[in-house]
Amino acid sequence: MAKESMKAREVKRAKLVEKYAEKRAKLKAEGDFIGLQKLPRNSNPIRLHTRCMITGRPRGYMRQSGVSRITVRER
């Protein structure tokens, strides 16, 4: 099981990505890279990490099911 703080941090990052998605796309299209640098770091979708929906495990994540390989074996 992942720490609750790690799960919460991922949720917070996902909200930031969603919030700044339009602004980030607009700045990228204009080529305003200085404006992009001024946005929060965690608003970049690259910083999101996939986690198991049940345990929060960051590694061994299977996209098809949305859970980790260990969770799949247990069920």
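The model is predicted. Helix α1 covers residues 4-30, and its buried residues pack against α2 (33-38). The salt bridges number 2, and the largest nonpolar core has 5 residues.

**Helix α1**

- With 27 residues at 1.5 Å a residue, α1 should span 39 Å, and the distance between its end C-alpha atoms is 39 Å, so the two values agree.
- The helix has a bend of about 50 degrees, located at Y20.
- After α1 comes G31, which has a positive phi near 80 degrees.

**Buried residues of α1**

- The buried residues in α1 are E10, R13, L16, V17, Y20, R24 and L27.
- The partner against which the buried residues of α1 pack is α2, residues 33-38.

**Salt bridge between K7 and E4**

- K7 and E4 form a salt bridge through their side chains, with an N to O distance of 3.4 Å.
- Both residues belong to α1 and lie 3 residues apart, about one turn of the helix.
- E4 counts as exposed because its relative accessibility is 55%, which is over the 50% cut-off.

**Salt bridge between E10 and R13**

- The side chains of E10 and R13 also meet in a salt bridge, at 2.9 Å from N to O.
- E10 and R13 are about one helical turn apart, because 3 residues of α1 separate their positions in the numbering.
- E10 is buried, because its relative accessibility is 11%.
- R13 has a relative accessible area of 16%, so R13 is buried as well.

**Nonpolar core**

- The largest nonpolar core consists of L16, Y20, L27, L36 and L39.
- The largest contribution to this core comes from α1, which supplies 3 residues.
- L27, a member of this core, touches D32, G35, L36 and L39 when residues up to four places away in sequence are not counted.
- Among these contacts of L27 are L36 and L39, which are also members of the core.

Conventions:
Residues are numbered from 1 along each chain as its sequence is written. This is a predicted model: local features need pLDDT of at least 70, side-chain atom pairs count only at pLDDT 80 or more; totals for chains, interfaces and linings use all residues. Side-chain values use heavy atoms; hydrogens and water are left out. Helices (H or I, at least four residues) and strands (E, at least two) are DSSP runs, numbered from the N terminus. The expected span of a helix is 1.5 Å times one less than its number of residues. The bend at a residue is the angle between axes fitted to the seven residues ending there and the seven starting there. Buried means under 20% relative accessible area, exposed over 50%, partly exposed in between (1.4 Å probe, protein chains only). Contact means heavy atoms within 4.5 Å. A salt bridge is a side-chain nitrogen of Lys or Arg within 4 Å of a carboxyl oxygen of Asp or Glu. A nonpolar core is a set of buried Ala, Val, Leu, Ile, Met, Phe, Trp, Tyr and Cys residues joined through side-chain atoms within 4.5 Å.
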